[in-house]
Amino acid sequence: MAEVIVRKLNKMFDTNHVVKDVDLHIRDKEFVVFVGPSGCGKTTTLRMIAGLEAVTSGDILIGNTVVNEVPPMDRDIAMVFQNYALYPHMSVASNMAFGLKMRKFDKAEIQKRIKRAAEILDIGQLLNRKPRQLSGGQRQRVALGRAIVRDPKVFLFDEPLSNLDAKLRVQMRVELKKLHERLAVTSIYVTHDQVEAMTLGDRVVVMKDGVVQQVGEPLELYNTPANRFVAGFIGSPAMNFADVTLSGGNGRLWAEAPGLKIGVPEPIAARVNGHAGSKATLGIRPEDLRVAGPADPAELCFEVEVEVIEQLGSEILLDTRAGTSTFVASVDPTLRTRVHERLKLAINPDRLHLFDAQTEAAI
Amino acid sequence: MIEGAVWRKWVFYNIPLILFVFVLLFPFYWMIITSFRPDGELYRPWNAVNYNPFWTNNPTFEHIEYLFEETNFGRWMLNTMFIAVVSTLISLFCGVLAGYALARLNFPWAGSLGTMIFITYLVPQTLLFIPLAQIIRNFELGDTPWSLILTYPTFLIPFCTWLMMGYFKAIPKELEECARIDGASRWKAMVYIIIPCAVPGILSAGIIAFTLSWNEFIYALVFLSSPDQKTVPVGVTSELIRGDVFFWGPLMAGALLGSIPVAVVYSFFVEHYVSGLTGSVKG
């Protein structure tokens, strides 16, 4: 059990600065997910924590010890790789025993630990098979088992589910969550899939271009994204954005774009006052848009033309256009509408986001 | 497969295949049949009535007996085997380590060094034997098996290094990283994980190196002189071609027996050999 602390971590590959001043404090037993598009530096950060990449500058501490110069074998970590990295010439049992043999555990202890891990992961019947005789999901379990038997201070996961098909991925996601609750070991998990990040993480670290954009609990990222990138990355379908001009008039603040004029609700308007007259980006999630009813105030409604209708069963996604801006709205599945029909959408005023046009930071 | 009319299959598939197989196998057939034909048939003029070079009704072992009784053929086989095995082992050991280093240790100039090693493989033996002869003489190794055991690696090590480098590169590096996180040092990760995964590659390199040294001619011809030190290729050609007289029967019998060990080695490891040259390891 251990905390992992990362201080001012930087990584350069020749002249390419891929991880920039990353600061993190991962608490004991916490499940932290690094998420971001490919090339954002999340895997490199994980590999530096594992000791597989040298640190250019900054410190990594595992359990209060600076491990920058400690080789991977002495960091007491276990890692699950995207391609599982099972040793192809060894049986499942030998794969799991390898780490313990290297650490000179006695045979009885090795057997005991393999048995326990096999029970936890339900792979007892596979112990004598070779990796090539296993399905993707089974390989994934064996890779997890190999990490579990070690009883390490920290688990590292490098996109472990991305080679599985969609259905199995959902199933393994749930199992990983259960496993973490059962074992309660500090875990760092890298993924590019925001759904995995939201469902698995106690806290989520969103990265872009080597810079941490925001660290927070999943709902915190969803409800109060720090900037436009986080807002667009977290949530599916993604948040709608519209470039607007903020202007005062009739005693209130308006966000205007061609074909769009929305009254900025009071609590946000109070924060934005200094920005009146400037450009901004308006953000609203598809689930915070609905077809306007008679009770909806006019300043929170705008007219759109339906361009595409996506029937998902539990909801309908409407791809709509208002002037130059496009909006996806998640609406009631009972709604009957047609392409090119004009509708009025209303926004949920508490869920409106505004971002500075230049810095893209949330206002 | 070729689809369409039957003639297309014959013209584009069956006939070329038959020609190809014929061209490949006919020399072996000729070698075998000549080994077992008595001298009386071998030296019969082509316009004789019963001239039939492709078959014999009186097979004989006289050429094989001649080889073992009148020449040092048994000794040549042992010499060749010893030299080929030892030089292959030396070359494999060096080639595996060098190939691993060039593929995995990201030291400066690793790429250029790999290319330079390959270029040394391209230096023709017919040039290299001249300076090597000088060196062998200076070390007083002439006419001993060591003159070949130590010179064959000059072309075998670059070859094994190059082949192993490619093979190691095809093994996912995560396997090694995982082993190192699991508690293995780089050396142990190599010994326990990477080398076992590379066995098909090592076998391929070994088989080819063994064949190259088994068949090697020019160094063996230059560095060995006494009849009981010779290898099969040199012994057979120098002892069974006297002046302009070719002892065809024993020559072909020698070639036949000399090719058996290579054929055995190939057939024994053929599965590994093919996967070593074509396949890679999946994690």
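The points below take the two chains in turn, with the conventions stated before the details.

This is a predicted model, in which local features need pLDDT of at least 70, side-chain atom pairs count only at pLDDT 80 or more, and totals for chains, interfaces and linings use all residues. Residues are numbered from 1 along each chain as its sequence is written, chains are lettered from A and ligands numbered from 1 in the order in which they are written, and side-chain values use heavy atoms, with hydrogens and water left out.

**Domains of chain A**

- Chain A is assigned domain 1 (4–233) and domain 2 (240–356); such bounds come from an automatic or database domain assignment.
- The centres of domain 1 and domain 2 of chain A, taken over C-alpha atoms, are separated by 39 Å.
- Eight residues from domain 1 of chain A and eight residues from domain 2 of chain A take part in the contact, where contact means heavy atoms within 4.5 Å.
- About 740 Å² is buried between domain 1 and domain 2 of chain A, and carbon and sulfur atoms give 52% of this area. Buried area is the accessible area (1.4 Å probe) that two parts lose on being put together, summed over both.
- Of the area that domain 1 of chain A buries against domain 2 of chain A, 71% is supplied by Tyr222(A), Arg228(A) and Ala231(A), more than any other three residues.
- Three residue pairs, both residues at pLDDT 80 or more, are in polar contact across the interface of domain 1 and domain 2 of chain A. A polar contact is a pair of N or O atoms within 3.5 Å; within protein, one must be able to donate a hydrogen and the other to accept it, and residues adjacent in sequence count only if both atoms are side-chain atoms.
- On the side of domain 1 of chain A that touches domain 2 of chain A, the elements that give two or more residues are α7 (218–223) and α8 (228–233) of chain A. Helices (H or I, at least four residues) and strands (E, at least two) are DSSP runs, numbered from the N terminus.
- That side of domain 1 of chain A has four nonpolar, three polar and one charged residues. Ala, Val, Leu, Ile, Met, Phe, Trp, Tyr, Cys and Pro count as nonpolar, Asp, Glu, Lys and Arg as charged, and the others, Gly among them, as polar.

**Salt bridges**

- The count over all chains comes to 21 salt bridges.
- In the salt bridge of Glu30(A) with Arg27(A), the closest N and O atoms are 3.4 Å apart. Glu30(A) is buried at 5% relative accessibility, whereas Arg27(A) is partly exposed at 45%. Buried means under 20% relative accessible area, exposed over 50%, and partly exposed in between (1.4 Å probe, protein chains only).
- Asp296(A) pairs with Arg290(A) in a salt bridge whose closest N and O atoms are 2.6 Å apart. Asp296(A) is buried, at 18% relative accessible area, while Arg290(A) is partly exposed, at 37%.
- Glu307(A) and Arg321(A) form a salt bridge with closest N and O atoms 3.0 Å apart. Glu307(A) lies in strand β16 (residues 301–311) of chain A and Arg321(A) in strand β17 (residues 316–322) of chain A, so the pair ties together parts that are 14 residues apart in sequence.
- Lys11(A), Arg47(A), Glu53(A) and Glu177(B) are joined into one network by salt bridges that share partners.

**Leu352(A)**

- Leu352(A) occupies the loop between β19 (342–347) and β20 (353–356) of chain A, and is buried at 5% relative accessibility.
- Apart from neighbours within four places in sequence, Leu352(A) has contacts that include Pro265(A), Ile268(A) and Leu282(A).

**Domains of chain B**

- Chain B is assigned domain 1 (6–60) and domain 2 (71–278), with C-alpha centres 33 Å apart.
- About 630 Å² is buried between domain 1 and domain 2 of chain B, 76% of it from carbon and sulfur atoms.
- Met31(B), Ser35(B) and Tyr43(B) supply 62% of the area that domain 1 of chain B buries against domain 2 of chain B, more than any other three residues.
- Between domain 1 and domain 2 of chain B there are zero salt bridges.
- Helix α1 (residues 6–36) of chain B gives six residues, the largest share, to the side of domain 1 of chain B that touches domain 2 of chain B.

Conventions: Salt bridge = Lys/Arg side-chain N within 4 Å of Asp/Glu carboxyl O.
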